[in-house]
Amino acid sequence: MTDVQKYRMRLVCAHMDYITAEINDVDKMIENMISSNPDFENAIQFLCTIPGVKHASAITIISEIGTDMSHFRGSKRLSALVQCAYAAVKSDKSPYYKKKYESLVKRRGKKRAIIAIARMILTAIYQMLSTGEQWNPSDLYKIDMPVALVEKQKAKAIKQAKKLLQREGLLPPDELLAS
């Protein structure tokens, strides 16, 4: 290496050291802000219970949307969390989103499936921060579902249940035709 190249390398290294120190200072300031505000700390711990959402992602989410969900009319008003969705579908610790992703990817493709998972995570976040309840995957599909879709799903479930009962011989065939 020439002396000029060595000098440039020292400049680049010094600049990298400076940037790293600045990043560390900002990280410390963020951690101080979180530790001094119990609302932020609780919200971050809350969000970390969702598969795919780690501490840093929770901080990013809180910094972007805050903890007060009354500003939003519904969970549809929040933006997508695609990175968390990717982590959630790869998680073996809690395979809930992984299973949902695998079933969606067959019908929609990878990109649309990951957006659907991100939407599910956003819905969970909105519900958790609005109600103060912990993450519960059984509640995810009850949120923001149009009434017509809920009725359609109920009718389909009833029809399938009647068919099953008929196959098992527990329901006469005319009961199935009457509905």
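This passage covers the nonpolar core, the aromatic pairing and the cysteines of a predicted model. Local features rest on pLDDT of at least 70 and side-chain atom pairs on pLDDT 80 or more, while totals for chains, interfaces and linings take in all residues. Residues are numbered from 1 along each chain as its sequence is written, and side-chain values use heavy atoms, with hydrogens and water left out.

Start with the core, meaning a set of buried Ala, Val, Leu, Ile, Met, Phe, Trp, Tyr and Cys residues joined through side-chain atoms within 4.5 Å. Buried here is under 20% relative accessible area, exposed is over 50%, and partly exposed lies in between (1.4 Å probe, protein chains only). The largest nonpolar core has 36 residues, and L47, I50, Y97, I117, I121 and I125 touch the most other members. The largest share, 13 residues, comes from α6; helices are DSSP runs of H or I, at least four residues, numbered from the N terminus. Leaving aside residues up to four places away in sequence, L47 touches V53, A58, I61, I62, I125, M128 and L129, with contact taken as heavy atoms within 4.5 Å.

Y97 is buried at 0% relative accessible area, and Y96 counts as buried too, at 19%. Ring centres of Phe, Tyr and Trp (its six-membered ring) within 6.5 Å make a pair, with planes under 30 degrees apart stacked, over 60 edge-to-face and the rest tilted. That gives one aromatic pair: Y96 and Y97 sit edge-to-face, 5.1 Å centre to centre and 75° between the planes.

As for disulfides (cysteine sulfur atoms within 2.5 Å), the whole structure has zero. The C48 sulfur has its closest cysteine sulfur in C84, 9.4 Å away, so the two are too far apart for a bond. C48 is partly exposed at 30%, whereas C84 is buried at 4%.

Technical notes. Helices (H or I, at least four residues) and strands (E, at least two) are DSSP runs, numbered from the N terminus.
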